[in-house]
Amino acid sequence: MSENLIGYIDNLGNIIDTQSADENIEAQAIEYDNSPEALEIIRHSTAHLMAQAITELYTNAKFFVGPTVDEGFYYDFKVDEKIGEEDLKKIEKKMKELIKKKYKIEKYEITKEEAIEKFTNDDLKQAVLTRIPDEVVFIYKQGDFEDLCQGPHVPALRFLHNFKLTRVAGAYLGGDETKEMLTRIYGIAFADKESLKDYIKMMEEAKKRDHRKIGAEMELFMFNEESGAGLPFWMPKGSRLRYKLENILHKAHRKRGYEPVRGPEILKADMWRTSGHYACYGENMYLTTIDEQEYGIKPMNCIGHIQIFKQSGKSYRDLPLKYYEYGVVHRHEKSGVLHGLLRVREFTQDDAHIFCTPEQIASEVIDIVEFVDSVMKLFGFEYSMEVATKPQKAIGDDDVWELATQGLKDALNENNLPFTIDEGGGAFYGPKIDIKITDAIGRKWQCGTVQVDFNLPERFNVEYVGEDNDRHTPVMIHRAILGSFERFIGILTEHYAGEFPLFIAPTQIIFVPISESHVAYAKELKNQLIDLDIDCEIFDKNDSLNKRIRTAEKQRVPYVVIVGDEEVENNSVAIRDRRAKEQYNLSFDEFMVKLSQQLNEGKI
RNA sequence: GCCCAUAUGGCUCAGGGGUAGAGCACUUCCUUGGUAAGGAAGAGGUCGUGAGUUCAAGUCUCACUAUGGGCUCCA
């Protein structure tokens, strides 16, 4: 047996650890390395090692479950003391001490009844046992420490060296909000020291890209304690960026046959009763009373668009009819989930509603998915799609839900677009396709969404006259591509680490005049560039030239342009190009052509 | 909302029961410089808010607010 053997993988893909394998096993060996299977075993064992360390440090510790996750492992447990970040070092130290004892990890089998008896004083283990259907369970043992577990584990503690406990958090027992809160410690582990180092370095790099940090540095947006949590302020530079993004998208919508509309921010509560929001979404809505009438601040824009549709009679010839709005919505998110621009209480959706016939759904969904793809490609985003099905709180008949859900799947399947299923994740009025983008540290965020809705049009008596001269109810497709400007710009900031491409950069060019006599020339160029919708700044402060160049370079702008006697004389510019990472001279006209070309990259 | 942690000038941070420090940024002056920090002087904080303990609280305790890491939910 190889010294580096830590388990086997059978032809069904199951991992079998050395403790479980019989002598004549003919499965493929798993060596001690960074393969996904090896890491699964190593990380799970590290979770157990952590539990053992915690047991020694906190004698009253009780453990729930300790699985591996995408990014390492965690263990949920309960102790009488409070555990903070400080304690992680202490636990790590104890883990390293335990490794030196060179315990073997052994496995034995007992019946479930014996297990219930064995852990009779441990309510958490009892909770785990109720979740196990089998009659036989397994105990893994290292030194004095025993834990109920199905494995897999490494053969001995000597395989566990390169780990780090990353954070401490609270987690509900079994993820159930009504149950007690346990302590959760997350950690990561690898087969070699280098990989662990690389991982730690990567996390540090990711932290540098955090949109909250960059947003503050670049003065894009801010929050204010006195004004309230989750309510972002857009500072001048953030607004410039946002304006450009709005503009690009505005044109893209017009090209695709969408009409701009705008509804009120606040509507009578009865509207929300009709829509079903009051019943299904009420706890997330902000309500107020005006002249003894209850009103609700809109959490979604659909109602407004429906009223506009209904304002005049519509024929089948008008369909599909596409309305879009940069709709400001308010949603009462729980205080604990607010997160920079990625989760706020007021945000602006790039929202659109398509009124169409049931026959038009498939082609409309395809068009939307194409639109989504062109936006994602523009920014170089990787994204994934998920079809979300009927949630518990929902309105409408089951068969209508079934039809709409199948429609979405068909549209994706017909175009060979890969997707996963999010069971029960749909909106209360219909199924949806969610488009998810990954942020700098690998968290996935829902951005775009496509939702088919048979319910709202019926509730609001939306109608059109068909070819047969009868009245019919149209289908409504709700869709957003960015999702919200807030979240999208947050992710965009991390994606580019603040170095936005020219077509959306908040400041596109900084002019550095060599001396005061060149400021007039810089101003002249700046004014010409404003006509191209290009935002420029002139760094003419009373600082040394070197200092001003340094400051300008640190602003993450695409171009820093130096102008002095030579440039004034030749009507030219000396360019420091972020993209090319080099310096060169161009005539101003050539520069204008270059800029126009680069602005064109932002067209979709 | 729940668990844990944090809160000191615009920003990054030091200090710590006897009424506050640094660097950057800011202001003024000198310097007018050809590609990443020229020099000097100055201004700015009742140490998140409110209570309590104490002769004395930025410092200890509690509550609240906000932020961070999670749970749950979601764009």
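In this predicted model, RNA strand B is surrounded by 60 residues, of which Tyr 172, Gln 446, Ile 514, Asn 542 and Arg 550 are the closest; a residue is near a strand if one of its heavy atoms lies within 4 Å of it. Of the atoms of RNA strand B that come within 4 Å of the protein, 49% belong to sugar and phosphate. By class, the surface near RNA strand B has 25 charged, 18 nonpolar and 17 polar residues, where Ala, Val, Leu, Ile, Met, Phe, Trp, Tyr, Cys and Pro count as nonpolar, Asp, Glu, Lys and Arg as charged, and the others, Gly among them, as polar.

| Protein residue and atom | Atom of RNA strand B | Distance |
|---|---|---|
| Gly 170, backbone N or O | base oxygen | 3.2 Å |
| Val 344, polar backbone atom | base nitrogen | 2.8 Å |
| Lys 547, side-chain N or O | phosphate oxygen | 2.9 Å |

The elements that give two or more residues to this surface are strands S10 (162-172), S11 (181-190), S13 (228-234), S23 (444-453) and S30, together with helices H16 (545-553) and H17 (565-570). Helix H16 supplies the largest share, seven residues. Helices (H or I, at least four residues) and strands (E, at least two) are DSSP runs, numbered from the N terminus.

Residues are numbered from 1 along each chain as its sequence is written, and chains are lettered from A and ligands numbered from 1 in the order in which they are written. Because the model is predicted, local features need pLDDT of at least 70 and side-chain atom pairs count only at pLDDT 80 or more, while totals for chains, interfaces and linings use all residues, and side-chain values use heavy atoms, with hydrogens and water left out.

Chain A as a whole has 18 helices and 31 strands, and its C-alpha atoms fill a box of roughly 80 × 75 × 55 Å along the principal axes. Of its 604 residues, 51% are buried, that is, under 20% relative accessible area with a 1.4 Å probe and protein chains only. One of the buried residues is His 277, at 0% relative accessibility, which lies in helix H9 (residues 277-280) and whose side chain makes a polar contact of 2.6 Å with the side chain of Ser 275; within protein, such a contact also requires that one atom can donate a hydrogen and the other accept it, and residues adjacent in sequence count only if both atoms are side-chain atoms.

Is strand S29 (residues 559-563) enclosed or open, and why? Five of its five residues are buried, so S29 is largely enclosed by the rest of the structure. In a regular strand the side chains alternate between the two faces of the sheet. In S29 both faces are covered, with Tyr 559, Val 561 and Val 563 buried on one side and Val 560 and Ile 562 buried on the other.

Strand S29 also has paired neighbours, two strands being paired if DSSP finds at least two bridges between them. With strand S27 (residues 509-513) the pairing is parallel over five bridges, and Pro 513 has Val 563 of S29 as its bridge partner. With strand S30 (residues 572-577) the pairing is antiparallel over four bridges, and here Val 561 stands opposite Ile 575.

Methods:
Buried < 20%, exposed > 50% of the residue type's maximum accessible area, 1.4 Å probe, protein only. Polar contact = N/O pair within 3.5 Å; in protein donor to acceptor, adjacent residues only side chain to side chain.
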